[in-house]
Amino acid sequence: MDREPLQELPRREPHLYRNHFGGTVRRKAYIFDGHGDFYNKEWDLTEGRGNEFCWYHVELPKGPKKLSQSAQQLIGVLCPPLKLQDILSLVSNGPFCGHVDGALVFRVNSPGPPASDFTFRIAARITEHSVITVSLGRVPRLGFSPVGESLLSEIPSVESPTNLRGEQKERDGIVIREHVLEFLLTMNHSEEADNPVPKSVSNLVVHIIDTHVDHLQDVVTKLEIELDSVELELDKGGFALKKQMLDDRRFPKMHLNLQRLLQVIAHGEQVFPRVKEKCSTKQWFSGEDVNSLEELTGRLRRLKDNVGFIANRVTAIQAGLDSWQAEQINKKLYYLSFLSIVFLPLSIITGVFGMNVGGVPWTGQNDPTLKNGFRNVMLLCIFMLLLALLCFSFPALYSRIVTWQRRRVLRRSWSLNRKSFISRTHGIGVQERRGYLRL
């Protein structure tokens, strides 16, 4: 078997596999000697011997595609030796953990659209001497790189924008730009070059799950930073910014993404404890790695609480924008009501003097046969106005009448009870004078 030690080779891109279903499938293959060293190997899907074990990783491209297309891509990469049931157990949606054809298979695949940044899919097929993993898109820190290429191990030097023109200053260490610092601040983990090389399959399984949890933590951190910047913009912004956020439905979309993220975390809470239980029965799975799986499950629970807090913040901001929008609508309605108050007397006057009847004052209509037309119309308007007022005030009048009747009944019953009480107390006084009390 030909091996290529990474410490002696320049860094190279993983193998690319193109198929007729669209998209580029990335493949990585490593072999570990069990003593802290690893090598590149060919994509032959064979298992290791002795202390050696192999790892084959397939990275499916993100994009608008069906689940059947992803399955067809895996069939072209992993078959043979894998069978159809192995492919389906790796690519299907939803949480799963169980044995398939003698191998332990687990998956945490969210059913969201594959092109979304909040759709996460990671699946693994584990045997004693090999691990096959499938992910949707790139998972940070999942692979391994040569030692010494880590940016975090360099001595940084901040880039200054105030350098004099034509003057070059000698710097000690690597220059870190601002956008690189912003990217590093969103990372809650080291780089691939800083990954400890696994010495057993159990170490590799813990590494895969750890990188998945780190990936989720990175997304949550980016959401927190984005939410902080949005809150700052809202504090400084005015009408146009708030109107644009409402039109873009920014916070409802963010809330939907948070619900997808919560679904992925909930799947992990279901699957990883079962992985720990099944791996604890394996002789080749160490007890320290079982404890590490328990710690990773605890991290997921804490991450779920943090996502819940972010969802509450998003809901509060959206409620604030909704109240602001309602306030703007109320202001517009206030202006409209003010205009209606201004023009209401004018409309009444024009309506009265625009009647096509006789007897309208100041119009010179002196025909005796038509002089009572205006009076009759005005009487009809007054009658209709009183009828409308009566209809509106009838419920209030009815409630007042009912309340008055109840009070009258209560007063009458109270007077009767008072008279009976006086008569009873008078009889008790007479009995006391006789020397005994009747019970």
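What is the mean pLDDT of the chain, and what share of its residues reach 70 or more? The mean is 79, and 73% of the residues reach 70 or more. The model is predicted.

Two stretches call for caution. Over residues 1-14 the pLDDT is below 50. Beyond near neighbours in sequence, residues 1-14 have 27 contacts in the model. Residues 163-171 also stay under 50. Beyond four places in sequence, the model gives residues 163-171 five contacts. Where pLDDT is low, the predicted coordinates should not be read in detail.

Now the aromatic rings. The structure holds 15 aromatic pairs.

| Pair | Distance between centres | Angle between planes | Type |
|---|---|---|---|
| Phe-32 and Phe-53 | 5.0 Å | 15° | stacked |
| Phe-32 and Phe-144 | 5.6 Å | 75° | edge-to-face |

Phe-32 and Phe-53 are both buried. Phe-32 has 0% relative accessibility. Phe-144 is buried as well, with a relative accessible area of 5%. Ring pairs join Tyr-30, Phe-32, Phe-38, Phe-53, Trp-55 and Phe-144 into a cluster.

The surface has a nonpolar patch of about 700 Å². Ile-329, Leu-333, Leu-336, Phe-338, Leu-339, Val-342 and Phe-343 make this patch. Ile-329 belongs to helix H7 (residues 287-353). Its relative accessibility is 45%, so Ile-329 counts as partly exposed.

Conventions
Residues numbered from 1 in each chain as written. Predicted model: local features only at pLDDT ≥ 70, side-chain atom pairs only at ≥ 80, totals over all residues. Heavy atoms only, no water. pLDDT = per-residue confidence, 0-100. Contact = heavy atoms within 4.5 Å. Patch = residues over 30% accessible without salt bridge, like charges linked within 9 Å, V, L, I, M, F, W, Y side chains within 5 Å. Areas by Shrake-Rupley, 256 points an atom, 1.4 Å probe, with all protein chains shown as cover. Salt bridge = Lys/Arg side-chain N within 4 Å of Asp/Glu carboxyl O. Helix = DSSP H or I, 4+ residues; strand = E, 2+ residues; numbered from the N terminus. Buried < 20%, exposed > 50% of the residue type's maximum accessible area, 1.4 Å probe, protein only. Phe/Tyr/Trp six-rings, centres within 6.5 Å; stacked < 30°, edge-to-face > 60°.
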